[in-house]
Amino acid sequence: MFNLARGRKWYFLISGVLAAFSLFFLLLPPGLHWGIEFTAGSTMTVRFQDVVEQADLRSALGEIGHPEAVIQKTGKGDFLLRLRAIDQEEKAQLEAGLRDRFGELTVLDFYLVSPVVAQEVRRNAAIAVAAAVAGILLYIAWAFRKMPSPLRWGACAVVALLHDVLIVLGAFAFLGRFFGVQVDALFITAVLSVLGYSDNNMVVVFDRIRENMKRGISKDFEAVVNRSLLDTVGRQLNTIITVVLTILAILLLGGVTIRFFMLALLIGVVVGTYSSLLLASQLLVAWERRWPTRR
């Protein structure tokens, strides 16, 4: 029988390297490239009737007084502009300046986030992630309450979930530094979705471990975990392939506004599948070997 559990030290090494990589880029200033939802600012989507090159638009925005603008082309003649926080008067001046240089245009949407709102978004995002992790810990401890040391199962799940979140954050810090990828409000939605996906996968594996323990297939806990992993790995791989293909399709064809959201989901579900199979269960094995529970 193939022994997945035997490579436990390698799994811990891989996770440790990924975590160190993530911490390095998170702690290296400026860390994450925060979007305007967290830092305050404005976004405006404009549509030009005539053909406008992105380089010419960037030059014009600098002349108008917005050299800080981040420009993304979202369609034929459509551009998404990310600016510092501007009021209605400055917005009107910006429109007039662009109209003078490039002809008629239409403002498709305008979005302003004040510093107060940005601070509240940051606080609510931190509370949402902390509440989700605490809820998962309590849920798994309750779901496996008839097993020896149920909090141990919940603690291993939470460590694996924090590992997933850390790696997604680190990947975005890396991508933000070199490719300008931003952390926006949808990123928090993606992180919470990843937590739910990983938790679901872990419950599947833990549940199979519980069943195999009740069946008494072996007195060796590592052997039970290995058998449980082999029982579930096919289903997990089929699921992740389907999910990744779906996310890739939306990432490539879904438009620029949800691109970073789908990218966070893609990284998160891949890391979550890995951790639910090869990290959480192996933490249980390592814990059991060092401090055996009484049965």
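Modeller: Let's start with one term: a residue is buried if its relative accessible area is under 20%, exposed if over 50%, and partly exposed in between. Please keep in mind that this is a predicted model.

Colleague: Thanks! Let me try that on E95: is E95 buried or exposed, and how do you know?

Modeller: The relative accessibility of E95 is 15%. The cut-off is under 20%, so E95 counts as buried.

Colleague: And what makes E95 and R99 a salt bridge?

Modeller: A salt bridge needs a side-chain nitrogen of Lys or Arg within 4 Å of a carboxyl oxygen of Asp or Glu. For E95 and R99 the N to O distance is 3.8 Å, so the pair meets the condition. Both residues sit in helix α4, which covers residues 88-102, and they are 4 residues apart, about one turn of the helix.

Colleague: What is R99 called, buried or exposed, or something in between?

Modeller: R99 has 30% relative accessibility, so it is partly exposed.

Colleague: What makes the link between E288 and R152 a polar contact?

Modeller: Their side chains come to 3.2 Å, and a polar contact requires a pair of N or O atoms within 3.5 Å. E288 is found in helix α10, residues 280-290, and its 10% relative accessibility makes it buried.

Colleague: Let's turn to Q54. What is Q54 in contact with beyond its close neighbours in sequence?

Modeller: Leaving aside residues within four places in sequence, Q54 is in contact with I71, K73 and F79. Q54 belongs to helix α3, residues 54-64. Its relative accessible area is 28%, so it is partly exposed.

Colleague: How do you know whether H66 is buried or exposed?

Modeller: H66 has 5% relative accessibility, so it counts as buried. H66 lies in the loop between α3 and β2. Its contacts, leaving aside neighbours within four places in sequence, are L61, L83, R84, I86 and L94.

Colleague: Which residues touch the most other members of the largest nonpolar core?

Modeller: That core has 65 residues, and the ones touching the most other members are I140, W153, F172, F187, F206, I209 and I267. Helices α1, α5, α6, α7, α8, α9 and α10 each supply at least two of its residues. Another core, of 17 residues, lies apart from it, with L61, A69, I86 and L98 among them. In soluble globular proteins, nonpolar side chains tend to be buried together.

Colleague: Which residues is F187 in contact with?

Modeller: Beyond its neighbours within four places in sequence, F187 is in contact with V168, L169, F172 and A264.

Colleague: Finally, which residues make the nonpolar surface patch of about 350 Å²?

Modeller: W10, L13 and V17 make that patch. L13 is in helix α1, residues 8-27, and its relative accessible area is 47%, so it is partly exposed. Patch residues need over 30%, so L13 passes that cut-off too.

Technical notes:
Residues are numbered from 1 along each chain as its sequence is written. This is a predicted model: local features need pLDDT of at least 70, side-chain atom pairs count only at pLDDT 80 or more; totals for chains, interfaces and linings use all residues. Side-chain values use heavy atoms; hydrogens and water are left out. Patches are made of residues with over 30% relative accessible area and no salt bridge: like charges are joined within 9 Å, nonpolar side chains (Val, Leu, Ile, Met, Phe, Trp, Tyr) within 5 Å. Accessible areas come from the Shrake-Rupley method with a 1.4 Å probe; for residues, only the protein chains shown count as cover. Buried means under 20% relative accessible area, exposed over 50%, partly exposed in between (1.4 Å probe, protein chains only). A polar contact is a pair of N or O atoms within 3.5 Å; within protein, one must be able to donate a hydrogen and the other to accept it, and residues adjacent in sequence count only if both atoms are side-chain atoms. Contact means heavy atoms within 4.5 Å. A nonpolar core is a set of buried Ala, Val, Leu, Ile, Met, Phe, Trp, Tyr and Cys residues joined through side-chain atoms within 4.5 Å.
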